[in-house]
Amino acid sequence: MPVKVMIPSPLRPYAGKRDSAEFSARTVGEALGHLTTEFGELRKHLFTDDGKLRSFVNVYVNDEDIRYLAKENTPTKDGDTISIIPSIAGGSGPLYGSR
Amino acid sequence: MPDATELWISGHLAEKIRAHGAETYPHECCGALLGRDSNAVIENDRGKGAATPAREILQLFPLVNRRDDSPRNRFSVTAGDVLAAEKAASAQGLEVVGWYHSHPDHPARPSEYDRDHAWPWYSYIIVSVHNGTPQDMTSWRLNDDRAEFSPEGIEIRHRAAV
């Protein structure tokens with residue numbers, strides 16, 4: 001069984017409405033790379049322009065947060081599940097679109 | 001641009017969002033919107049005959065603002081909170097379709113910070129709370145290109161019980 005990547009609700013419209021996708025991958029980074037190669041529109045919502053995972057994107061391998069493992073270099077093996085879980089943040093401040 | 005939608009919410013739930021904002025003032029409140037996207041399209045009531053899909057908000061899941069370092073102008077919902085909201089939604093046959101938060105003494109319009117941290121597809125309800133009194137309530141969805149939000153009409157309606 002390859003690595004299974006669980007796709008959160010807000011990203012499913014960009015992944016053909018799928019809630020998961022499977023890839024052969026040796027690391028989390030490789031799996032996310034396959035995911036954003038297959039579903040290109042996902043990339044901007046997961047990564048900043050300079051290729052870093054956005055701060056509000058939480059990635060787990062089998063329920064362990066990759067921040068406490070090896071981040072995107074966290075190894076993966078067949079049968080592992082990668083979950084992408086949103087954090088939600090916002091707040092008032094300078095008005096959007098204001099000068 | 002996201003598909004044009006209308007947000008359907010009962011007066012009771014809209015009032016609960018306002019009350020949450022008043023309760024936490026001068027700090028931002030936050031919570032999840034539980035509901036579903038309607039299969040039936042509704043006619044645009046502006047006389048043009050265009051159909052508009054609807055997103056029904058059927059429950060709220062109030063949360064604690066985790067930004068205790070800057071709660072007056074920031075809110076944060078952790079991954080654990082998101083999972084708890086999703087579990088609560090699933091138990092009722094619903095989905096987490098968005099989030100609400102308040103803007104103490106600021107307009108009910110998304111900030112650059114809101115935009116930078118937003119997810120697509122979700123509805124983001126913002127309620128302005130001025131001097132402790134809830135004011136305008138608006139809803140927004142992030143565009144596909146992340147460049148800006150599009151406003152989402154809010155329709156206050158009562159839904160027949162099933």
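Tutor: The buried residues of H1(A) are A:Val28, A:Ala31, A:Leu32 and A:Leu35. They span an arc of only 95° around the axis, so they sit on the same side of H1(A). The arc is taken over the directions from the helix axis to the C-beta atoms. A residue is buried if 20 or more other C-beta atoms lie within 10 Å of its own, exposed if 12 or fewer, and partly exposed in between, with C-beta atoms placed from the backbone.

A word on conventions. Residues are numbered from 1 along each chain as its sequence is written, while chains are lettered from A and ligands numbered from 1 in the order in which they are written. This is a predicted model, in which local features need pLDDT of at least 70, side-chain atom pairs count only at pLDDT 80 or more, and totals for chains, interfaces and linings use all residues. Helices (H or I, at least four residues) and strands (E, at least two) are DSSP runs numbered from the N terminus.

Now look at what covers that side. The cover over the buried residues of H1(A) includes E1, E2, H2, E3 and E5 of chain A. In chain A, an open sheet of five strands has the order E2-E1-E5-E3-E4, with mixed pairing. Its edge strands are E2 (20-23) and E4 (64-65) of chain A, and each pairs on one side only. Two strands pair if DSSP finds at least two bridges between them.

Within this sheet, E1 (residues 3-6) of chain A and E5(A) run parallel, joined by three bridges. There, A:Lys4 has A:Thr81 in E5(A) as its bridge partner. Helix H1 (residues 28-38) of chain A packs on the sheet, touching E1, E2, E3 (57-61) and E5 of chain A. The direction of H1(A) makes about 120° with that of E2(A). Axes are lines fitted to C-alpha atoms, for helices over the stretch in contact, and angles run from 0 to 180 degrees between N-to-C directions.

In total, 19 residues of chain A are in contact with 32 residues of chain B. Contact means that the C-beta atoms of two residues, placed from the backbone, lie within 7 Å. On the chain A side, helix H2 (43-46), strand E5 (81-86) and strand E6 (88-90) each give two or more residues. E6(A) gives the most, with three residues. That side of chain A divides into ten nonpolar, eight polar and one charged residue. Here Ala, Val, Leu, Ile, Met, Phe, Trp, Tyr, Cys and Pro count as nonpolar, Asp, Glu, Lys and Arg as charged, and the others, Gly among them, as polar.

E6(A) and strand E6 (residues 75-77) of chain B run antiparallel, with three bridges between them. A:Ala89 has B:Ser76 in E6(B) as its bridge partner.

pLDDT is the predictor's confidence in each residue, from 0 to 100. Over residues 95-99 of chain A, pLDDT stays under 50, and the model has nine contacts beyond four places in sequence for them. Where pLDDT is low, the predicted coordinates should not be read in detail.
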